[in-house]
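The tour below goes from one selection to the next.

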Amino acid sequence: MAGVTRAGPTVRGCARDTHRQSPVLSPVMDAIQPVSSTDPGTTAPRKPRVAVLFGGRSSEHAVSCATASSVLRAIDHDAYDVIPIGVTSTGRWVLAADDPDRWAISAGVLPQVKDGDGPGVIAPLQTTDSNLQVLEPGQVPRELGQVDVVFPLLHGPFGEDGTLQGLLELTDIRYVGAGVLASAASMDKAVMKVMLKGAGLPIGEYVVVRPGAWDRDPDAVRDDVEELGWPVFVKPARAGSSVGISKVDGPEGLDAAIVEALKHDRKLVIEAAVVGREIECAVLQAADGSVATSLPGEIEFVGEHTFYDFEAKYLDNATKLSCPADLPQDVLARVRDLSVRTFEAMNCEGLARVDFFVQADGSVVVNEINTMPGFTSSSMYPRMWAATGLEYPELIDRLIRTALARPTGLR
């Protein structure tokens, strides 16, 4: 049993935190003004400079590139000076092309940031200098200019998990989305579930397979999983976009699913299947901390897919979204309320997508929260906001303006 942690659903009530959900289109957001910026040597104001950061070292590299494709296509280039920065699979930053087609998933071909896509970029190294520097072979480093805000579109480890956020915090650079703690805790499904349960939120049963536990004592892992009942979902603890996830209907498929998940993470979460409809809700925060939620949406599968895996999401067009979900009004209200409570329990900022199961009796179970959800124009997060009345370009603008208005340092 060493290395395996078992947990179950919470049935405790909790004292509700005092919070107020803002209207869907909050006037607070409309009042946000970008920080004042001037170019060196002049007093003339300039457009806020936004570094769009994408790619990265995780297995979700291609998804991040596809997200950047949509954002680069939709962002208001008249309002913002946009600097695309790609991160290769080895972690090198390069000055990338502002070309949405270059980074799109096309005919099943997955995009990738490569060393040859542009000169190297060095991030700022101190709080008193927020200039990016460009490194070209045989040339003296040149300044690219001051960055006012980073829009980090990296998914998974080494980008969505607090590592990039920590780097930006060290140099007082503003950025879109959750901070270090929320990013790290939400990325790790095991930690996330502990925090949600501690806040009294309803979660399903699961076990955690800690690093090395499968090699030391696979029988102990099998025994703990057996107690969950079948089917189960085997997941890397710190991956997203359904990478490495397998649905296992019985003991005979468990070993292979664990081995596959371990390719992506040394730590696993194995969840008991929850029989229910898959419902999602988008959360958006204003600069004053008030929170709005979208109309909840329902994911439905087309074709042979039995769950929301990578192929269904990005390659096969095998999902459709119904928004608002066809649920009773009291259940929709419950989903939206739990979305805010989940967002606040994880100490999130900016944006998040919260995923649920709604069971036949109307009870709602929190599945997980994503601090940088899929953000292509066809992803569920922007589509739910569009159905609620906030279109994709305006959503991007609000996220940037909220980040620009946020103070640096501890908050």
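**Stop 1: a pocket**

By class, the second largest pocket is lined by 5 nonpolar, 3 polar and 4 charged residues. Here Ala, Val, Leu, Ile, Met, Phe, Trp, Tyr, Cys and Pro count as nonpolar, Asp, Glu, Lys and Arg as charged, and the others, Gly among them, as polar. The model is predicted: local features need pLDDT of at least 70 and side-chain atom pairs count only at pLDDT 80 or more, while totals for chains, interfaces and linings use all residues. Residues are numbered from 1 along each chain as its sequence is written, and side-chain values use heavy atoms, with hydrogens and water left out.

Select Glu169, Asp172, Tyr175, Gly179, Val180, Leu181, Ala182, Asn347, Glu349, Gly409, Leu410 and Arg411 to show the lining. A pocket is an open set of points on a 1 Å grid over the protein atoms alone, where a 1.4 Å probe fits, with protein on both sides within 12 Å along at least five of seven lines; lining residues have an atom within 4 Å of a point. The volume of this pocket is about 250 Å³, counted as the space filled by probe spheres set on the points, which are joined across faces, edges and corners. Helix 4 (residues 180-187) gives the largest share of the lining, 3 residues. Helices (H or I, at least four residues) and strands (E, at least two) are DSSP runs, numbered from the N terminus.

**Stop 2**

Axes are lines fitted to C-alpha atoms, for helices over the stretch in contact, and angles run from 0 to 180 degrees between N-to-C directions. Ala185, Ser186 and Met187 of helix 4 meet Lys189, Val191, Met192 and Met195 of helix 5; contact means heavy atoms within 4.5 Å.

Next, select helix 2 (residues 61-74) and helix 12 (residues 392-405), whose axes come within 9 Å and cross at roughly 95°. Thr67, Ser70, Val71 and Ala74 of helix 2 touch Tyr392, Pro393 and Ile396 of helix 12. This contact has 5 nonpolar, 2 polar and no charged residues.

**Stop 2: a hairpin**

Strand 6 (residues 131-135) and strand 7 (residues 142-146) run antiparallel, joined by 4 bridges. Strands pair if DSSP finds at least two bridges between them. Glutamine 133 has glutamate 143 as its bridge partner. In the turn of this hairpin, glycine 138 has a positive phi of about 75°.

**Stop 3: backbone details in loops**

Which peptide bond has omega near 5°? The cis bond from cysteine 323 to proline 324 does. Another cis bond joins tryptophan 230 and proline 231, with omega about 0°. Finish at phenylalanine 158, where phi is near 65°, a positive value in a residue other than glycine.
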